[in-house]
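Here are my notes on this one, jotted down as numbered points. Have the viewer open while you go through them.

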Amino acid sequence: MEMLSVQDWVRAYDGSKPSVEVYCQTRDVVQARVESLRSSLTQHGWSETQTSLITAIIGELTSNAFDHNIGQWPDVPGCWFEFSNNHDQISVTIADRGQGVRSSLERVRPGIDDIQALEIAFAEHVTGRAPEKRGNGLKFVMNVLRTLDEARFEYLSGSTMLNYSTQTDSQKDIASLISHSAGIVIRGVYTTLQIQKSI
Amino acid sequence: MKLSMEKFGNVLISRPAGREAALAALAYSLPKEGDEAIELDFSNVDVLTPSWMDEFMQTLMERLPKSQIKITEGENASVQMTMKTIRETTH
């Protein structure tokens with residue numbers, strides 16, 4: 001049987017469970033894999049600072065899949081998580097078929113569109129889990145990315161994407177990083193991240 | 001009194017873990033009464049996220065005033081960035 005790609009999985013109308021190598025149905029499974037990523041960075045000689053920051057942002061991004069969808073999964077619960085570490089560069093993919101950013105934030109900001117939803121998620125102290133006072137996770141991710149020497153980050157939800165590269169975007173504000181994702185519609189959230197080891 | 005946060009683990013990431021840690025601290029580690037200053041020492045923590053910290057602090061502050069709590073960040077980059085992000089979004 002042909003392996004389902006992550007892009008196909010997050011765009012499909014009907015959900016199916018991914019292969020066990022990448023599928024994390026529960027929070028404890030993905031946490032164990034994030035810990036494995038951390039060990040991999042340490043073993044490949046990444047600095048303590050980079051290892052700590054990368055583990056933290058991957059931890060935030062994977063936690064979001066569960067925090068905002070628990071009890072709300074439209075079909076397949078959990079997330080897709082995979083990473084590769086070729087010594088000097090780490091690549092990470094995280095995806096879920098949850099309710100997505102706009103649907104989550106619409107409870108506190110009715111009537112917003114996909115673009116506004118990403119702007120709020122990345123720039124404001126607001127969470128779909130109101131009245132809980134939270135909403136720091138994605139701001140933290142951007143704060144960390146802006147400190148790294150070389151990183152690329154894509155975050156897609158609905159018909160919208162945030163695209164960030166340290167080489168071209170380090171001085172840009174959040175709004176200028178967000179655009180429509182050219183006909184691609186993501187169910188839930190789809191994130192890719194590539195980070196180069198600092199010398 | 002000083003509370004060494006590494007006692008809750010070196011990698012502090014998820015919301016449920018943050019809440020659980022705060023409930024355990026309130027039950028077993030922190031004084032039940034009085035206004036003694038409480039220092040949260042993150043010196044030996046390897047990874048911290050805002051989600052864990054938000055949950056820990058909000059659970060703690062259900063019983064303790066914020067003014068009673070002092071934070072020692074230490075040198076870890078994710079601890080420092082977590083505190084910076086929380087300061088930026090709450091002030």
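1. Chain B first: its secondary structure comes to three helices and five strands, and from the N terminus on the order is β-β-α-β-β-α-β-α. Helices here are DSSP runs of H or I with at least four residues, strands are E runs of at least two, and both are numbered from the N terminus.

2. Before going further, the ground rules. This is a predicted model, with local features needing pLDDT of at least 70 and side-chain atom pairs counted only at pLDDT 80 or more, while totals for chains, interfaces and linings use all residues. Residues are numbered from 1 along each chain as its sequence is written, chains are lettered from A and ligands numbered from 1 in the order in which they are written, and side-chain values use heavy atoms, leaving out hydrogens and water.

3. On overall shape, chain B has a radius of gyration of 12 Å, which agrees with the value near 12 Å for a compact globule of 91 residues. That radius is taken over C-alpha atoms, and the globule rule is 2.2 Å times the number of residues to the power 0.38. The C-alpha atoms of chain B fill a box of roughly 35 × 30 × 25 Å along the principal axes.

4. Buried residues make up 48% of chain B, where buried means under 20% relative accessible area, exposed over 50% and partly exposed in between (1.4 Å probe, protein chains only). Have a look at helix α2 of chain B, residues 50-60: 10 of its 11 residues are buried, so the helix is largely enclosed by the rest of the structure. Among the buried ones are Trp52(B), Met53(B), Phe56(B), Met57(B) and Leu60(B), but also Asp54(B) and Glu55(B).

5. Contacts (heavy atoms within 4.5 Å) reach across the sequence in chain B: of those between residues at least 6 apart, 81% join residues at least 24 apart. For chain A, the corresponding figure is 62%.

6. Now chain A, with seven helices and seven strands. They run α-β-α-α-β-β-α-α-α-β-β-α-β-β from the N terminus on. Its radius of gyration is 16 Å, in agreement with the value near 16 Å for a compact globule of 199 residues. The C-alpha box is roughly 45 × 45 × 35 Å along the principal axes, and 53% of the residues are buried.

7. What does Ile57(A) touch, not counting residues up to four places away in sequence? The answer is Phe140(A), Val141(A), Val144(A), Leu145(A), Leu193(A) and Ile195(A). Ile57(A) lies in helix α3 of chain A, residues 48-67, and is buried with a relative accessible area of 0%. Its C-alpha atom is 12 Å from that of Thr147(A), 90 residues away along the chain.

8. Last, how the two chains meet. Here 25 residues of chain B are in contact with 23 residues of chain A. Together the chains bury about 2,000 Å², 55% of it on carbon and sulfur atoms; buried area is the accessible area (1.4 Å probe) that two parts lose on being put together, summed over both. On the chain B side, Arg15(B), Met81(B) and Thr89(B) lose the most area to chain A, together 27% of what that side buries.
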